Amino acid sequence: MSKKYTGAITGIIIFSVVVLFLYFNQFRHVEEEITEEQVIKNVSTFTKLFGYIRYFHPSDESEKLNWNHFAIYGVDLVKDSRNDKELKDNLTKLFTPIAPTLQLYEKHKKPLDPFKTIDVTDSSIQSIAWQHLGLGTDFSRQNSTYDSKRVIYNRDSRKTEKELFENVPNPGEVIHVEISEQLSATIPLSLFIKEQVTLGSTDITMANYEKLTEELKHFDINSYSSEHVRMAAVSVLWNTIQHFYPYHEEVNLVWNKKLSHYLKDARNAKGASDFTNILKRMLVELKDGHASINIENREHNILAKLPYSLEFIDEKFVISETFNKELFKLGDEVLSINNEEIETIFNEERSHVSGSEQYRDYLTLASLRMLDSQEPIKVSVLRNGQEVTHTLYDHDLNGLLSPTEVFREIEDGIFYIDMTKASGGLVEENIQELASAKGIIFDFRGYVAEYDLDTTLFPHLTNKKITGPILKVPQIIYPDQQKWSYFEMGMDVLPQEPYLEAKKVFLIDESAFSATETFLAFVETHQLGELVGSPTAGANGDINIIDLPGGASFQFTGLKVVKGNGSQHHLVGIIPTVPVERTIDGIKNGEDECLNRAIELIRGRGSE
């Protein structure tokens, strides 16, 4: 073989190798170009479209879908889209079977008519749309406050079948929304329906829907070990708050800008515990005292309960109750737990607690009693200027306070009732004695034991009809908190004999929340007596519970509560007419300074 021929063959081989190398390397290079920024952009775009279709597009397919399974499936499909075209193609593949009339398009293009294949002049067709009274869930439907349903209405009369409220979108009404910097969507809020079937589906979309639902049956992942499951959970939580949380304005919630941040955190989370904290931080943004996360499938360590309660006074963490008087004294300042400064522990715990400032402090201090530990626990305290360290074993932990009297006569003619323990007919049983009292102190510090105080107690505190707070349930037909109206509920109390003419004082603090605040609102609005102590939690209203992809659930306040005069209650709470702050000296002496002040008021020493 000639050298010339051999050289030619060698050249061809080298050329082929180079071509093959470049060919396969381009795919490796493309994969490398799928940056985290691109992944988060992809999932963020999916998330926004998910919420619009899930909650506001009324197709038959949408109502029947398992949306949590779909969230996991969808995030997994779109997250590695390499560019906007591929992202659009993946979104189209995902959502067209569910929403056949959906139009996805680049922002510089014009959308097609979503109803181009439907004879909208047909007089036999009707319209259908979603109505949300709050957000209907399995939990809320059992508790009757919130509901969501598709309602059918005639295009001319606008009468609906079993409507939740009066408002509905116009027949064929659509929204045009930007779901990313490059992509927009046209989404019908009202579809046309004939013979109980929504119009717009085709043989292709129906076949694809059947294929999709079959695939979803095998996509129930009950674990947070995978990034797409974690991001799916964030997507569902984000959408719930974006479209249904009633306090966006009151808390200055900039929710839209938070989505990418929390998706990125979820993607990089290290285990279920880390991810739980990410979800908790999302809820902190709400400043909602009812908001919390529950992950049932995580491992639970044995909880140790420290034998004391804390209050934060004069920049110190002070023991205000002790269940082990041999080790801990009233007024001891806790310095550290297991060699970690108490302030560091407090700040870390507080960063995961939602609510008003005063309620966050209360919940965090309560949580400092609870430790995930099976080992002996070291607690260092400062007492009379000297640091003392105790090592606590199992027998040193937990403990209960001695029971206190729920109803007692403090001194001649002055009665005390602990409303967090008083249940049944206690007031009615003692009504004649209370009718002749000089003063009555109602202790509302905590959560009331009885829900029907509007019929058992408060009728005896007034000689005229009084009203409580106003509960406003959102009536929602548009996304992104647009054009909300409200269904308003209230509670009236009618007077009942005997009227308790005694001086009445109500003890309050930040531990009074939710139902407790409902009853205290009567006192505040109608000045039924002095309110002594500190502001309450500012967390009232019925909760809603939402299941998340992966096995977690979360709860939040689903309606808006305002005071009887229409002013803000959320975060503000019930304000004392006679403010009282606890002191370290008072704690050391075992004094209840709020109770003492109430007794002084009844004795007639003024309200200054």
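**Exercise 1. Find out how many aromatic pairs the whole structure holds, then classify the pair Phe50–Trp67.**

Step 1: a search of the whole structure turns up 28 aromatic pairs. To pair, rings of Phe, Tyr and Trp (its six-membered ring) need centres within 6.5 Å; planes under 30 degrees apart are stacked, over 60 edge-to-face, and the rest tilted. Before going on, remember that this is a predicted model, where local features need pLDDT of at least 70, side-chain atom pairs count only at pLDDT 80 or more, and totals for chains, interfaces and linings use all residues. Residues are numbered from 1 along each chain as its sequence is written, and side-chain values use heavy atoms, with hydrogens and water left out.

Step 2: the ring centres of Phe50 and Trp67 are 5.2 Å apart and the planes stand at 90°, so this pair is edge-to-face.

Step 3: Phe50 is in helix α2 (residues 36–56) and Trp67 is in helix α4 (residues 67–78), so the pair links distant parts of the chain, 17 residues apart. Helices (H or I, at least four residues) and strands (E, at least two) are DSSP runs, numbered from the N terminus.

Step 4: check burial, where buried means under 20% relative accessible area, exposed over 50% and partly exposed in between (1.4 Å probe, protein chains only). Phe50 comes out buried at 2%, and Trp67 is buried too, at 6%.

Step 5: widen the view. Phe46, Phe50, Trp67, Phe70 and Phe95 form one aromatic cluster.

**Exercise 2. Work out which backbone nitrogens lie by the side chain of Ser354.**

Step 1: locate Ser354 in the loop between α11 (342–350) and α12 (357–367). Ser354 is buried, with 4% relative accessibility.

Step 2: look for backbone nitrogens. The one of Lys287 lies 3.3 Å from a polar atom of the Ser354 side chain, and the one of Asp288 lies 2.8 Å from such an atom.

Step 3: list contacts (heavy atoms within 4.5 Å). Leaving aside neighbours within four places in sequence, Ser354 is in contact with residues including Leu283, Gly289, Arg360 and Leu363.

**Exercise 3. Give the strand order of the open sheet of 6 strands and identify its edge strands.**

Step 1: read off the order, β17-β18-β19-β24-β25-β29, with mixed pairing. Two strands pair if DSSP finds at least two bridges between them.

Step 2: pick the edges. β17 (407–411) and β29 (578–579) each pair on one side only.

Step 3: take a closer look at β17. Its pairing with β18 (residues 414–418) is antiparallel, over 4 bridges, and Glu411 has Ile414 in β18 as its bridge partner.

**Exercise 4. Decide whether Thr536 is buried or exposed, and find the polar contact of its side chain.**

Step 1: Thr536 sits in the loop between β25 and β26 (543–547). With a relative accessible area of 0%, Thr536 is buried.

Step 2: the side chains of Thr536 and Glu517 are joined by a polar contact of 2.7 Å. A polar contact is a pair of N or O atoms within 3.5 Å; within protein, one must be able to donate a hydrogen and the other to accept it, and residues adjacent in sequence count only if both atoms are side-chain atoms.

Step 3: not counting residues up to four places away in sequence, Thr536 also touches, among others, Gln358, Ile508, Leu520 and Val572.
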